[in-house]
Amino acid sequence: MLSNIRVVLVGTSHPGNIGSTARAMKTMGLSSLYLAEPKVAPDGHSVALAAGASDILKHAVTVDSVEEAIADCSLVIATSARSRTLDWPMLEPREAGEKLVESALTGPVAIVFGRENNGLTNEELQRCDYHVAIPANPEYTSLNLAQAVQIICYEARVAHLAQVQKEFESNKLEGFVEPDNEYPFSKERENFFEHMENTLLSTNFIVKQHPGQVMTKLRRLFSRARIERQEMNILRGILTSVDKIVAKKDTNDK
């Protein structure tokens, strides 16, 4: 289960932070590290700070963007300070760990950490299902990257151990029971949002020159609802039916 929890570092600029992250992960039993558009590559300093977790560095996957790092994930949680400008579903670290472990039963999930100096962009944050904020001392919130990774990985491990204990008490040690529902991957969600935006443009619900915040609010709505793959397919079917009517009307008008 823990091997399905992916730690994604975005735009990391210090090789030591990559090594310290690997150490934080390994102490909690996580092993999947993705580096999205890193400014530096792991080096000798990274290996030194990994302190025995160099195997995680060796197998780290480097990709060009956040989108590529999370494309096959059914759940994506971003670390973020609470924002007044981007009202997104927020989680406490304990809740984030529980959701990661629950969804990791059926496939890859991701926890995304932003750049050391300015975190994640609003666009990157909007590609995630939830945001998690670590409730640090409001008078001194200076957590470094590896410390933040350690906290979230710890919460994932606590949730994992609770799940193991629950299965033990239920005499189901032979394997976990998979949830009945199945959530879409990040790439599927992006295709859905693109389809929705194109349909809304074709019906003039969204005016291309003045898009406003419609798609941002719709993204937030569906992230909060946490729709399943089957539900998303139904919605895409509805959009396709609208597309056909619009196309037919356009042809008749000509």
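Strand β4 is joined to strand β7 (residues 130-132) by three bridges, and the two strands run parallel. The model is predicted: local features need pLDDT of at least 70, side-chain atom pairs count only at pLDDT 80 or more, and totals for chains, interfaces and linings use all residues. Residues are numbered from 1 along each chain as its sequence is written, and side-chain values use heavy atoms, with hydrogens and water left out. Helices (H or I, at least four residues) and strands (E, at least two) are DSSP runs, numbered from the N terminus.

**The sheet and strand β4**

- Seven strands form an open sheet in the order β3-β2-β1-β6-β4-β7-β5, with parallel pairing; two strands count as paired if DSSP finds at least two bridges between them.
- The edge strands, β3 (61-63) and β5 (90-91), each pair on one side only.
- Strands of a sheet pair through backbone hydrogen bonds, either parallel or antiparallel.
- In β7, tyrosine 130 is the bridge partner of isoleucine 77.
- Strand β4 is also joined to strand β6 (residues 109-113) by three bridges, again in parallel, and valine 76 stands opposite alanine 110 in β6.
- In a regular strand the side chains alternate between the two faces of the sheet.
- Within β4 (residues 76-79), Val76 and Ala78 point one way, Ile77 and Thr79 point the other way, and all are buried. Buried means under 20% relative accessible area, exposed means over 50%, and partly exposed lies in between (1.4 Å probe, protein chains only).

**Nonpolar cores**

- A nonpolar core is a set of buried Ala, Val, Leu, Ile, Met, Phe, Trp, Tyr and Cys residues joined through side-chain atoms within 4.5 Å.
- The largest such core has 36 residues, and those with the most contacts inside it are Ile5, Val7, Leu9, Leu33, Ile77, Phe113 and Val149.
- Elements that each supply at least two residues of this core include β1 (5-10), α1 (15-27), β2 (32-36) and α7 (145-169); α7 gives the most, with seven residues.
- Apart from this core lies another, of 16 residues, among them Val10, Tyr34, Val66 and Cys73.
- Isoleucine 77 touches residues that include Leu91, Leu100, Ile111 and Val132, not counting residues up to four places away in sequence; contact means heavy atoms within 4.5 Å.

- The 13 residues of α1 should span 18 Å at 1.5 Å a residue, and its end C-alpha atoms are 19 Å apart, which agrees. The expected span is 1.5 Å times one less than the number of residues.
- Among the buried residues of α1 are Pro15, Ile18, Ala22 and Met25.
- Just after α1, glycine 29 takes a positive phi of about 90°.
- Serine 103 lies in helix α5 (residues 93-103) and counts as buried because its relative accessibility is 9%.
- Serine 103 touches Ser74, Leu75, Val109 and Arg226, not counting residues up to four places away in sequence.

**Cysteines**

- A search of the whole structure finds zero disulfides; a disulfide is a pair of cysteine sulfur atoms within 2.5 Å.
- For cysteine 73, the nearest cysteine sulfur is that of cysteine 128, 9.9 Å away. Cysteine 73 counts as buried, at 0% relative accessibility.
- The sulfur of cysteine 153 is 14 Å from the closest cysteine sulfur, in cysteine 73, which is too far for a bond. Cysteine 153 counts as buried, at 1% relative accessibility.
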